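Reader: I am new to this structure and would be grateful for a close look at one part of it. Please begin with a single element and the strands around it, and then proceed to other elements in turn.

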Amino acid sequence: MPATMDVVRINRKFEPLFRPIPGVRYYVVTGGRAPGKSFAVATAVNHRTYESKHNILFTRYSMVSADISIIPEFTEKMDICGNRQDFDTTRDEIENLISGGKIFFKGILQSRKNNDARLKSVQDVVLWVLDEAQELTDEKQFDIIDLSIRTKGAKCEVWLVLNPTDVNHWIYRRFFKEPRVADDFNGVVGDVCYIHTTYLENIENLDETFIAQAEKMKAKNPEKYRNVFLGYWERFSAGVIFQKWVRDVVAEAKSRRSDCWYGIDWGFSNDPTAVVRIWYDSDTETVYLFQVCYKKGLLIGQIADIVRADMKVCGSSDSLLYCDPARPEHIAELRRVYNLDAVPAVNKNKPDRVDWVKGCNIVFWGDDIEAERSTYSYLPSPVDPEQFTNIPQDGGDHLMDASNYGIWTHLHRLGIPNCLGQE
């Protein structure tokens, strides 16, 4: 009898693994430590072997001896579900004796050392499970196997099961950043189903010392806690510049004031035009930053309309616009044609300006601000790649530049130091 979610107690978020969603090929299963995802995935794979004689490919990047490393996990689930008699187990595969469906266990690293064809040689595969997917850092290798899962007449699926690492991983870029999916999203976007769980949803099954470890890290290192225990992608790796910025929706309301101002970085075909709204609270020495625009293909008139509409929300008619000085004709058009108070921002000595802004208390809101600032880094030293220069990277920094133009130029104009006392 097939193992179902009702046979054992499993978080209902994992239901799509047991009852596939039409039109979905990819299932991205994320979480930190101990959310129960490994248990759910193994039980679901057990269940899926009853569906047909088609095969399942279960891989990890490194898997030398499946009979020692992974098959015991599956036989344990058979015992829990009470269906071990339905399966025949060998050193590196499990066969369902009722349906004829098989689970093949392979190590990607070992297959690559010998012959990639070993992975593609498994016939009639309808489901590929990439366990510990964060260990596969080669996107091309993923594509090779993914494109081989194409059994005719069957619904083919690919499951990526992982503990998120940092935002530089190709899985983050491909499945989260580009489709603009939040780390903890549960649901379907296009042909991808996202399942995210944490230890807090499995807490009744966890040891008290484990929970104490989590609470200790939460108090001592909240960012690490979010990555390790809550399964969020780590935003800050070595060299990232603005690590202390705080993301909070309050930034929109706080900056919605008549004395706000704006920063603008120009774009069009290849790059987006980036516009941010800024306000400074002198009582708390905090800069509030809100994403207004991040879009390609905008003409100057459209940019003017966007800014004017946002100014109306703030109750302002004459807010200053600090613009990238590289396009003086755009600034002149905003002033003369659209009657906006656009001025060139200071664009000299970028390392010092960025370092000054780094010393400010900044609260922001905006998905694209978060995406840029989480990877906005200093350039590595040409002598020692593990060390960094004081030169910020170029590229993917449009909102960072818009923020820098607006924050530095305006506060310096008013003689306001950053929170470190730098003027």
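Author: The model is a predicted one, in which local features need pLDDT of at least 70 and side-chain atom pairs count only at pLDDT 80 or more, while totals for chains, interfaces and linings use all residues. Residues are numbered from 1 along each chain as its sequence is written, and side-chain values use heavy atoms, with hydrogens and water left out. Helices (H or I, at least four residues) and strands (E, at least two) are DSSP runs, numbered from the N terminus. Axes are lines fitted to C-alpha atoms, for helices over the stretch in contact, with angles from 0 to 180 degrees between N-to-C directions; contact means heavy atoms within 4.5 Å.

Helix α12 (residues 300-314) has 15 residues and spans 21 Å from its first C-alpha to its last. This is close to the expected 21 Å, the expected span being 1.5 Å times one less than the number of residues. Its buried residues (under 20% relative accessible area, with exposed over 50% and partly exposed in between, for a 1.4 Å probe and protein chains only) are Ile300, Gly301, Ile303, Ala304, Val307, Asp310, Met311 and Cys314. They pack against α11 (250-255), β11 (261-265), β12 (273-281), β13 (286-295), β14 (320-323) and α13 (328-336). Just after α12, Gly315 takes a positive phi of about 75°.

His330 is located in α13, and counts as buried because its relative accessibility is 16%. Apart from neighbours within four places in sequence, His330 is in contact with Trp266 and Ile300.
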